[in-house]
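Me: I would like to go through this structure and ask what stands behind each label. Please set the values against the definitions.

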Amino acid sequence: MSGELTKARQRLASINASLKMGKYMAAAQALNDAIVAVLSAPLMKSEREEFANMLADAVHALNNNKELRKVFPLTLNYVQGEERKLLDSIFEMRKVLQEDMNESAQRDLNALERKKQESLERGQRHLDAQEFDQAKQTFEKLTSDFAGDADLKADIADRYHKAGKDEEAVGYLNDAIKESPQSLHLYNRIGIVLRKMKDFTSAEKYYLRALEITTADEYLYFNLGRLYFDWQRWDKVVEAAKLSLGINPEFAEAKKLMVYGEKKVSGGA
């Protein structure tokens, strides 16, 4: 048990440092842990006096921290022998601090999201004005600030695609796939862009990679069929359309694609 008391002393000694660094939850947790240790240990009279003084000092430090009082304005009260009451008060303090941390984290997330949207809008304005160098700088800075955000890269890719800058769109989609290789919608997006660029071979490769992930997506097969339609590979149009209909027999567009492909295969108009 002496080891636990040593830890309790260390925890109490750490409180002032935590308060100076603004780590209020760490300070409250340290006091909580020390009280639990004290309550669990059979203490000699000298140890009880020692810990009573240390607990009183810790309570004083918490009560007199102005920044902490802004978050938790209630005063902690400590009387020797009433450590359990103090423990209940510390529980309330920790609960309030956790709520404040959650709110602070949410505010930070909201601020980041606003920053992201503002940069996207600025980049879009450059695209609309055909200021492509400025758009590039804006989007590169944005993706650097939000590294690893595959959805952001896909959003930028869509903006480039709508602006007629398909090579840039493909670049961003390819990066997004590297970061989120299981996201089927990214393969569909890059496949569509490459198809419109008439880079049929590359588009097919991305669709086939997606089919290594799942064979249960009717839209994936349909988009592959649309690729083969533009490529005029009619037997493969029929094959892809049938696979799409095998998943969803009511997929009307896939039915139309299959019928048209069958006519072409049979030599019809």
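Me: What makes the span of helix α4 close to the one expected?
Reply: Helix α4 covers residues 45-63, which is 19 residues, and its first and last C-alpha are 27 Å apart. The expected span is 1.5 Å times one less than the number of residues, which gives 27 Å here. This is a predicted model, where local features need pLDDT of at least 70, side-chain atom pairs count only at pLDDT 80 or more, and totals for chains, interfaces and linings use all residues. Residues are numbered from 1 along each chain as its sequence is written, and side-chain values use heavy atoms, without hydrogens and water.

Me: Which residues of α4 are called buried?
Reply: Buried means under 20% relative accessible area, with a 1.4 Å probe and protein chains only. In α4 that applies to Glu47, Phe51, Ala52, Leu55, Ala58, Val59, Ala61, Leu62 and Asn63. Over the 269 residues of the protein chain, 40% are buried.

Me: How many helices and strands does the protein chain have?
Reply: The protein chain has 14 helices and zero strands. Helices are DSSP runs of H or I with at least four residues, and strands are runs of E with at least two.

Methods. Buried means under 20% relative accessible area, exposed over 50%, partly exposed in between (1.4 Å probe, protein chains only).
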